[in-house]
Amino acid sequence: MTMQSLMARSPVIPVVRIETASRAPALARALLAGGVSVIEVTLRTAAALEAVAAIARDVPDMAVGAGTVTAPDQVQQAQDAGARFLVSPGYADAVNAAAERAALPLLPGVATATELMRAQADGFKQLKFFPAVPSGGIAALEAFAGPFPALRFCPTGGVHSGNYLDFLQLANVPCVGGSWLTPVETIESGDWAHIE
Ligand code: 3PG
């Protein structure tokens with residue numbers, strides 16, 4: 001699986017913070033039932049790696065990735081858990097190198113033209129634009145399209161049900177990411193119908 005095919009698989013990538021790993025397979029099934037077949041589990045909770053493993057084991061149709069990868073040792077942990085891709089909020093050579101060694105697709109985060117130039121020079125074509133809304137939102141993505149016509153973005157950070165369709169109108173935005181699909185309290189209450 002490539003980052004390009006992952007981004008084509010779902011126009012919305014839910015960014016999930018999960019506190020209880022045993023809830024992860026039901027969450028993944030609800031998202032699948034709702035038409036979303038990619039999930040990013042952020043490595044921000046003690047349960048995150050176990051949640052990745054549970055989804056990889058129990059819901060094979062869901063492409064599960066690990067997000068908030070900020071240090072190279074998290075790459076191996078995510079791969080061991082069964083993550084099929086990685087997302088980082090920023091652009092770090094050590095994380096990029098670890099992902100390359102692991103042969104896992106990585107969506108690194110960028111927010112400035114200088115970071116876009118570095119990423120492009122390193123061979124990345126798919127990037128997370130983070131934090132999207134505070135970094136200029138749609139106007140910034142339109143401005144990036146001029147000097148960087150080959151780059152594609154997954155804007156994340158401040159994207160929600162009220163603005164995601166506007167982002168998806170852009171030619172350089174095949175998908176968006178965000179936490180609005182999977183509120184922590186909805187996961188904890190097990191309201192899978194709401195998630196779906
Ligand atoms: C992320 O890690 O991508 C963000 O926390 C998601 O941002 P959001 O909560 O504004 O969707």
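Me: Where does Pro131 lie?
Reply: Pro131 is in the loop between strand E7 (126-129) and helix H7 (137-145). Helices (H or I, at least four residues) and strands (E, at least two) are DSSP runs, numbered from the N terminus. The model is predicted: local features need pLDDT of at least 70, side-chain atom pairs count only at pLDDT 80 or more, and totals for chains, interfaces and linings use all residues. Residues are numbered from 1 along each chain as its sequence is written, and side-chain values use heavy atoms, leaving out hydrogens and water.

Me: What kind of peptide bond joins Phe130 and Pro131?
Reply: A cis one. Its omega is about -10 degrees.

Me: And Thr68, what's its phi?
Reply: About 55 degrees. That is positive, although Thr68 is not a glycine.

Me: Which loop is Thr68 in?
Reply: Thr68 is in the loop between strand E3 (63-67) and helix H4 (73-81).

Me: New topic. Which residues surround the ligand?
Reply: Val15, Arg44, Lys128, Phe130, Thr156, Gly157, Gly158, Gly178 and Ser179. Each has a heavy atom within 4 Å of the ligand. Phe130 is also one partner in that cis bond to Pro131.

Me: How does that shell divide by class?
Reply: Two residues are nonpolar, five polar and two charged. Ala, Val, Leu, Ile, Met, Phe, Trp, Tyr, Cys and Pro count as nonpolar, Asp, Glu, Lys and Arg as charged, and the others, Gly among them, as polar.

Me: How far is Lys128 from an oxygen atom of the ligand?
Reply: A polar side-chain atom of Lys128 is 2.7 Å from one. Ser179 has a side-chain N or O atom 2.6 Å from a ligand oxygen. Gly158 uses its backbone: an N or O atom there is 2.8 Å from an oxygen of the ligand.

Me: How much of the ligand does the protein bury?
Reply: 79% of the 320 Å² that the ligand exposes when taken alone. The areas come from the Shrake-Rupley method with a 1.4 Å probe.

Me: What's the volume of the second largest pocket?
Reply: About 200 Å³. It has 17 lining residues, and the closest to its centre are Val15, Thr42, Arg44, Gly178 and Ser179. Strand E1 (12-16) and strand E9 (176-178) each supply at least two residues of that lining. By class, the lining has six nonpolar, eight polar and three charged residues.

Me: And the volume of the largest pocket?
Reply: About 300 Å³. Of its 15 lining residues, Asn96, Glu100, Leu106, Asp122 and Phe124 are the closest to the centre.

Me: Which helix gives the largest share of the lining of the largest pocket?
Reply: Helix H5 (residues 93-102), with four residues. The whole lining has eight nonpolar, four polar and three charged residues.

Note on methods:
A polar contact is a pair of N or O atoms within 3.5 Å; within protein, one must be able to donate a hydrogen and the other to accept it, and residues adjacent in sequence count only if both atoms are side-chain atoms. On a 1 Å grid over the protein atoms alone, a cavity is a set of points where a 1.4 Å probe fits but cannot get out, and a pocket is an open set with protein on both sides within 12 Å along at least five of seven lines; lining residues have an atom within 4 Å of a point. Grid points are joined across faces, edges and corners, and a volume is the space filled by probe spheres set on the points.
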